[in-house]
Amino acid sequence: MRVRTKICGLTTPDDAAAAVAAGADAIGLVFHDPSPRAVEPEAAAAIVAALPPFVTVVGLFVDPEPAAVETVMQQVPLDRLQFHGDEPEALCRAFGRPYIKAVRMRADIDLAAVMAAHPAASGFLLDAWRPDRAGGTGEAFDWDRVPSQRPRPIILAGGLEPDNVAMAVQRVAPWAVDVSSGVESLPGRKDPARMQAFISEVQRGTTD
Ligand SMILES: O=C(O)c1ccccc1NCC(=O)[C@H](O)[C@H](O)COP(=O)(O)O
């Protein structure tokens, strides 16, 4: 089956157009001020307005106040929400929108417990853990920690780039992959050639 690709942390309509031209299935918009990829709702709305049909738009939040999510949703037509902190299920499902639960793979994380605590999540994005950053670290975690029993689709993230994503797809067989820093020219700006190379390698990993 084809492995989907989400390109995360887009900050301009041009970068989003290049992601779609490269074959991205989904784009991620980061609503988390400390991130170098954070976008204001107005800029995010302009990015979404320029997209062609059938590209899924995911809004990322880290332990947000509910009102902050509502404010973004009033201005930006998000298809899905992605929660990247320690949000409980009740918060994740409070907005009437399908959601993805990100799980940062700290050494002591009980992934099965997190999954059980989020029965309404449409998928689980597994990412590297770092104490000082909530995401977009450019670091990989040990892919052998991804369980073979998967109650919901797994989105593999963390330190993926054109040089390693084919191997990641072969080893983990995820539903989708997610990348941010691995396809950047500098934090917050995507490199069209790297996005093309990344998605070609995703396909190579699927068919090899
Ligand atoms: O990208 C960020 O700066 C970010 C900040 C805070 C929370 C989440 C963030 N990104 C979320 C993503 O889905 C990234 O694509 C994922 O963490 C992988 O990042 P990378 O290792 O840089 O590919």
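Visitor: Where does Ser 122 lie?

Guide: Ser 122 sits in the loop between helix H5 (111-117) and strand S6 (123-127). Helices (H or I, at least four residues) and strands (E, at least two) are DSSP runs, numbered from the N terminus. Residues are numbered from 1 along each chain as its sequence is written. This is a predicted model, in which local features need pLDDT of at least 70, side-chain atom pairs count only at pLDDT 80 or more, and totals for chains, interfaces and linings use all residues.

Visitor: Why does Ser 122 count as partly exposed?

Guide: Count its neighbours. A residue is buried if 20 or more other C-beta atoms lie within 10 Å of its own, exposed if 12 or fewer, and partly exposed in between; C-beta atoms are placed from the backbone. Ser 122 has 15 C-beta neighbours inside 10 Å, so it is partly exposed.

Visitor: Which residues is Ser 122 in contact with, leaving aside its neighbours within four places in sequence?

Guide: They are Pro 98, Tyr 99, Ile 100 and Arg 152. Two residues are in contact if their C-beta atoms, placed from the backbone, lie within 7 Å.

Visitor: Why is Asp 63 called exposed?

Guide: Asp 63 has 12 other C-beta atoms within 10 Å, so it is exposed. Asp 63 belongs to the loop between strand S3 (56-61) and helix H3 (66-75).

Visitor: What makes the phi of Asp 63 worth a look?

Guide: Phi of Asp 63 is near 45°, a positive value in a residue other than glycine. Most residues other than glycine have a negative phi. Ala 173 also has a positive phi, about 50°, although it is not a glycine. Ala 173 is in the loop between helix H6 (165-172) and S8.

Visitor: Why does Ala 173 count as partly exposed?

Guide: Ala 173 has 16 C-beta neighbours inside 10 Å, so it counts as partly exposed.

Visitor: Why does Leu 78 count as buried?

Guide: Leu 78 has 22 C-beta neighbours inside 10 Å, so it is buried. Its place is the loop between H3 and strand S4 (80-83). Leaving aside neighbours within four places in sequence, its contacts are Val 57, Val 58, Gly 59, Met 73 and Arg 97.

Visitor: How do you know that Val 103 is buried?

Guide: With 22 C-beta neighbours inside 10 Å, Val 103 counts as buried. Val 103 lies in strand S5 (residues 99-104). Beyond four places in sequence, its contacts are Ile 109, Leu 111, Val 114, Phe 124 and Leu 126.

Visitor: Why does His 32 count as partly exposed?

Guide: His 32 has 19 C-beta neighbours inside 10 Å, so it counts as partly exposed. Its loop runs between S2 and helix H2 (41-49). The C-alpha atoms of His 32 and Ala 134 are 102 residues apart along the chain, yet separated by 9.2 Å. His 32 is in contact with Ala 134, and also with residues including Ala 38 and Leu 60.

Visitor: What makes a set of residues a nonpolar core?

Guide: A nonpolar core is a set of buried Ala, Val, Leu, Ile, Met, Phe, Trp, Tyr and Cys residues joined through C-beta atoms within 7 Å. The largest one here has 54 residues. Ile 7, Ala 19, Ile 27, Leu 29, Ile 155 and Val 177 touch the most other members. Helix H1 (residues 13-22) gives the most to this core, with five residues. In soluble globular proteins, nonpolar side chains tend to be buried together.
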